[in-house]
Amino acid sequence: MAQVTLDSVRKIYPNGVEAVTPASFAIKDGEFVVLVGPSGCGKSTLLRMIAGLEDITEGALTIGERVVNTLDPADRDIAMVFQNYALYPHMTVRKNIAYGLKNRKTPKDEIARKVDEAAKMLNLTEYLDRKPAQLSGGQRQRVAMGRAIVRDPALFLFDEPLSNLDAKLRNQMRIEIKALQRRLGVTSIYVTHDQVEAMTMADRIIVLNGGRIEQIGTPSEIYHNPASTFVASFMGAPPMNLVGAEMQDGTLSFAGLELPVSSTLRGPVTLGLRPEDLIIDPHGPLAMEVELIEELGAHRLLHGQVDGQRLTVHLAKEEQVALGPLRLSCREQNLCLFHPESGKRMETSFSLNLTEHSPDAAEARA
Amino acid sequence: MADISLSTATPVVPRRRFRWSTLVDHAVLIAGSLVMILPLLVMLQTASTPDVETMKYGPGLYFGDQLDDNFRKAMFEASGFSGENTGFAMFKNSLILGLGFAIGKIVIGMMAAYAIVYFRLRFATLAFWLIFTTLLLPLEVRILPSYEITQKLGLLNTYTGLIVPLIASATATFFFRQFFRSVPEELVEAARIDGAGPVKFFIDILVPLSQTMIAAMFIIMFVYGWNQYLWPTMITTEEGMYTLVRGIKRIVQVLQGGNEIPEYGRANVLAIIAVLPPVAIVIFFQSWFVKGLTESDK
């Protein structure tokens with residue numbers, strides 16, 4: 001168990017591509033951190049640098065008390081779980097799990113004890129003498145986990161470990177991994193492109209885009225206070241609605257919506273509205289033309305246009321809707337404003353009279 | 001349910017339509033099989049008939065009773081002047097050539113491919129293409145310089161001289177390189193994290209993974225080495241070093257000059273013995289062979 005610190009860690013490939021711009025963050029002992037971003041955002045490169053599978057071009061990486069930049073992966077006291085499991089196909093499950101210990105010259109009886117322990121923890125005991133080819137995807141994933149935990153490493157690294165599983169198994173393994181990490185209390189870094197995995201598993205999320213860290217925060221911070229339009233549109237399913245709005249003389253206007261804003265800025269801005277913050281209101285200021293209703297059982301998603309801009313609305317299953325015109329209002333205190341060009345969050349507070357909207361505000365916080 | 005049982009109650013057997021193409025296919029296959037089998041049958045027939053009869057009547061349609069005698073003569077009686085080139089000795093030499101060639105080639109090929117694929121070497125690609133060009137230069141092309149070098153090294157009539165110059169070509173390296181490149185990268189990385197160094201990774205992971213590939217290579221290389229004719233003919237002048245393939249030729253050739261009857265039976269017994277080991281190896285390794293060349297489940 002250890003804390004991990006990255007100090008301006010940077011990766012430039014020999015062909016000049018900067019895969020990771022200088023990244024600095026610290027991971028606390030026992031924390032579960034998820035690196036999330038679209039493919040090619042540098043999240044895997046970052047993880048592989050921490051693992052030692054990729055050279056660090058600049059900066060310092062500390063695991064525990066040691067700067068490990070030049071250490072071999074085997075000497076960094078880490079364990080890694082790969083997307084395609086990377087089990088040794090010719091070895092039995094037992095040998096797969098024991099291989100790392102064997103290479104470290106662990107005494108035989110200790111290896112046997114540790115392997116049995118790990119197998120019991122992962123419900124693999126009856127599969128110990130099988131080869132990986134005879135196991136299902138979920139079982140293989142568990143063997144890969146077993147290989148990691150048997151060594152008692154200071155740090156777990158997960159490289160999209162659930163991507164090869166089907167949706168149902170993925171949900172189950174997600175919970176299992178999270179529970180296991182809680183129980184063992186090992187610091188973990190988890191890479192995924194799936195924002196649901198990121199939201200549900202992380203103590204803290206690091207959102208990456210184009211080799212840059214966009215935002216670091218708890219899942220709730222990331223969701224409610226996205227730092228940029230990228231984070232806003234990447235996190236959350238369905239993503240945040242981003243629409244063009246106008247700011248003038250302390251008033252923000254979008255379609256029929258007019259809100260007082262404590263800002264002297266003028267000109268176009270990007271307005272972010274979470275689909276669940278839009279509510280049906282016969283007297284609401286927004287006129288939506290509903291074009292498609294997605295029935296999801298527990299809730300419904302309406303897709304349509306307001307003033308020529310696409311919008312998605314999240315509705316509870318009780319509410320009745322039909323295609324065609326619909327009037328909406330929104331929970332104003334949850335709105336986000338972004339710079340129209342850079343996409344960065346604008347720290348403009350809405351001069352809202354919260355007492356007037358208190359029921360909504362309470363609901364939103366809950 | 002009812003529908004299904006109804007339809008199965010009146011089975012309609014589709015009448016197989018006669019097609020000319022099927023007939024032609026079979027004719028071609030049968031003709032091909034005959035081309036392959038007939039020489040073997042002739043060999044067997046000649047091997048079992050007394051030489052006089054073969055001389056008088058040529059290959060016949062019946063098998064004789066001399067197989068046993070001919071076999072004994074072929075295996076344990078020397079045919080040359082020194083008395084060293086019995087069939088048994090030649091068989092041993094062929095075996096050493098085949099095994100030495102196959103094993104040497106696999107070991108060197110694997111190690112070279114390992115270096116090229118897994119290590120960031122300067123000019124690794126250049127090295128690979130240099131090795132690759134040796135495919136364009138089989139021994140027959142470079143036979144004069146090869147002979148000269150072997151001779152100057154004093155390796156004539158030695159197993160080293162017989163095997164080493166033959167090993168120098170890239171086929172195995174090339175196959176193993178392609179195979180290693182298809183081994184998932186993550187396996188290497190997992191092994192690195194598991195604390196396996198380059199040697200451990202090679203022995204613990206790569207070699208067991210290559211099993212089927214090694215078997216396939218072994219068959220090809222053993223048969224290739226076993227069937228070598230030109231190089232052994234050049235490099236071996238002592239009768240004790242003759243290989244089977246070279247020795248058979250000599251038995252017929254040497255005696256044709258005189259007035260004696262050529263030892264057809266004996267030569268053909270040796271031919272049968274020369275054919276058997278490659279056949280046995282192919283049969284024994286067959287399932288692995290197919291797997292090694294087609295399977296990509298790693």
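Predicted model: local features only at pLDDT ≥ 70, side-chain atom pairs only at ≥ 80, totals over all residues.
Biologist: Which residues of H9(B) are called buried, and what makes them so?

Modeller: The buried ones are B:Ala172, B:Thr173, B:Phe175, B:Phe176, B:Arg177 and B:Phe179. The test is 20 or more other C-beta atoms within 10 Å of a residue's own. These six pass, therefore they are called buried.

Biologist: What do the buried residues of H9(B) pack against?

Modeller: They pack against three helices of chain B: H5 (87–118), H6 (124–133) and H11.

Biologist: Where else does H11 of chain B turn up?

Modeller: At the interface between the chains. There, 15 residues of chain B are in contact with 17 residues of chain A. Helix H10 (185–193) and helix H11 (198–226) each give two or more residues to that side of chain B. H10(B) gives the most, with six residues.

Biologist: What makes two residues count as a contact there?

Modeller: Their C-beta atoms, placed from the backbone, must lie within 7 Å. The 15 residues of chain B and 17 of chain A meet that cut-off, so they are said to be in contact.

Biologist: How many residues of each class are on the side of chain B that touches chain A?

Modeller: Eight are nonpolar, one is polar and six are charged.

Biologist: What confidence does the predictor give the complex and chain B?

Modeller: The complex has an ipTM of 0.80 and a pTM of 0.79. Chain B averages a pLDDT of 84, and 89% of its residues score at least 70.

Biologist: How many helices and strands does chain B have?

Modeller: Chain B has 14 helices and zero strands. Of its 298 residues, 33% count as buried. For contacts in chain B with a separation of 6 or more, residues 24 or more positions apart account for 73%.

Biologist: And how many helices and strands has chain A?

Modeller: Chain A has nine helices and 20 strands. Buried residues make up 39% of its 366 residues. Its C-alpha trace spans about 75 × 45 × 40 Å along the principal axes.

Biologist: How is chain A divided, and how far apart are the centres of its domains?

Modeller: Domain 1 covers 4–230 and domain 2 covers 239–365. Their C-alpha centres lie 38 Å apart. Five residues of domain 1 are in contact with eight residues of domain 2. That side of domain 1 has three nonpolar, two polar and no charged residues.

Biologist: Why is strand S9 of chain A called largely enclosed?

Modeller: Count its buried residues. Five of the six residues of S9(A), 204–209, are buried, so the rest of the structure largely encloses the strand.

Biologist: Which strands do bridges join to S9(A), and which way do they run?

Modeller: Strand S3 (32–36) of chain A is joined to S9(A) by four bridges and runs parallel. Strand S10 (212–217) of chain A is joined to S9(A) by five bridges and runs antiparallel. A:Leu35 stands opposite A:Ile206 in S9(A). A:Ile205 has A:Gly217 of S10(A) as its bridge partner.

Biologist: How many residues sit between the strands in the hairpin of S9(A) and S10(A)?

Modeller: Two residues lie between the strands. In that hairpin, A:Gly210 takes a positive phi near 55°.

How values were computed
Residues numbered from 1 in each chain as written. Chains lettered and ligands numbered in written order. Domains from an automatic or database assignment. Nonpolar A, V, L, I, M, F, W, Y, C, P; charged D, E, K, R; others polar. pLDDT = per-residue confidence, 0-100. Buried ≥ 20, exposed ≤ 12 C-beta atoms within 10 Å, placed from the backbone. Pairing = 2+ DSSP bridges.
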